[in-house]
Amino acid sequence: MADVRSVHTHLQHYERHLARLEELRELLQDQLTAALSRPRPADVTADPRTSEIEAALDRMDRGIYGTCRCCGTFIAYEQLLRRPYRSICDRCALQRGHQHD
């Protein structure tokens, strides 16, 4: 019986994880739409965040979204909510002198 509960618990965690990923994907899509729709002077290229957001969506499609590209640990969900296109965790950002939210 314990094995069934364990499987059920793992399934619940997985479903919650998938729901969070979908929430983050929608947030990224909204941010991409907003970045692409902002008017810019003719001599200014696209919003620099556009490429970061597109890269985050690509990482999501490849199944590596949410892991720090420096240390390989998972980036906390709360950090991803603040800046869903991030590719490094707060700890690595601090060590490298990058701005974080």
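**Entry 1: the model.** I noted before anything else that this is a predicted model.

**Entry 2: the chain.** Read from the N terminus on, the order of the elements is α-α-α-α. I then looked up burial: 28% of the 101 residues count as buried. For contacts, I took those in the chain with a separation of 6 or more, and 40% of them are between residues 24 or more positions apart.

**Entry 3: the largest pocket.** I looked up the volume of the largest pocket and got about 360 Å³. Its lining is made of 15 residues, and H17, L21, F74, I75 and L80 are the closest to the centre. Which elements give two or more residues to this lining? They are helix 1 (2-37) and helix 3 (77-82). Helix 1 provides six residues, the largest share of the lining. I also sorted the lining by residue type and wrote down nine nonpolar, four polar and two charged residues.

**Entry 4: rings.** I searched the whole structure for aromatic pairs and found zero. I kept a note on how such a pair would be recorded: by the distance of the centres and the angle of the planes. A ring did turn up in another search, for charges: R20 lies over the face of Y77. The distance from R20 to the ring centre is 4.1 Å.

**Entry 5: S37.** I located S37 in helix 1. Is S37 buried or exposed? Its relative accessibility is 55%, so S37 counts as exposed, since the cut-off for exposed is over 50%.

**Entry 6: D47.** I located D47 in the loop between helix 1 and helix 2 (48-62). D47 has a relative accessibility of 14% and therefore counts as buried, because buried means under 20%. I then asked which residues D47 touches, leaving out those up to four places away in sequence. The list is A35, R38 and R40.

Entry 7: I took both from C-alpha to C-alpha. S37 and D47 are 10 residues apart in sequence and 9.8 Å apart in space. L36 and D47 are 11 residues apart along the chain, with 7.3 Å between their C-alpha atoms.

Terms used:
Residues numbered from 1 in each chain as written. Predicted model: local features only at pLDDT ≥ 70, side-chain atom pairs only at ≥ 80, totals over all residues. Heavy atoms only, no water. 1 Å grid on protein atoms, 1.4 Å probe; cavity = no way out; pocket = protein on both sides within 12 Å on 5 of 7 lines; lining within 4 Å. Points joined across faces, edges and corners; volume = space filled by probe spheres on them. Helix = DSSP H or I, 4+ residues; strand = E, 2+ residues; numbered from the N terminus. Nonpolar A, V, L, I, M, F, W, Y, C, P; charged D, E, K, R; others polar. Phe/Tyr/Trp six-rings, centres within 6.5 Å; stacked < 30°, edge-to-face > 60°. Lys NZ or Arg CZ within 6 Å of the ring centre and 35° of its normal. Buried < 20%, exposed > 50% of the residue type's maximum accessible area, 1.4 Å probe, protein only. Contact = heavy atoms within 4.5 Å.
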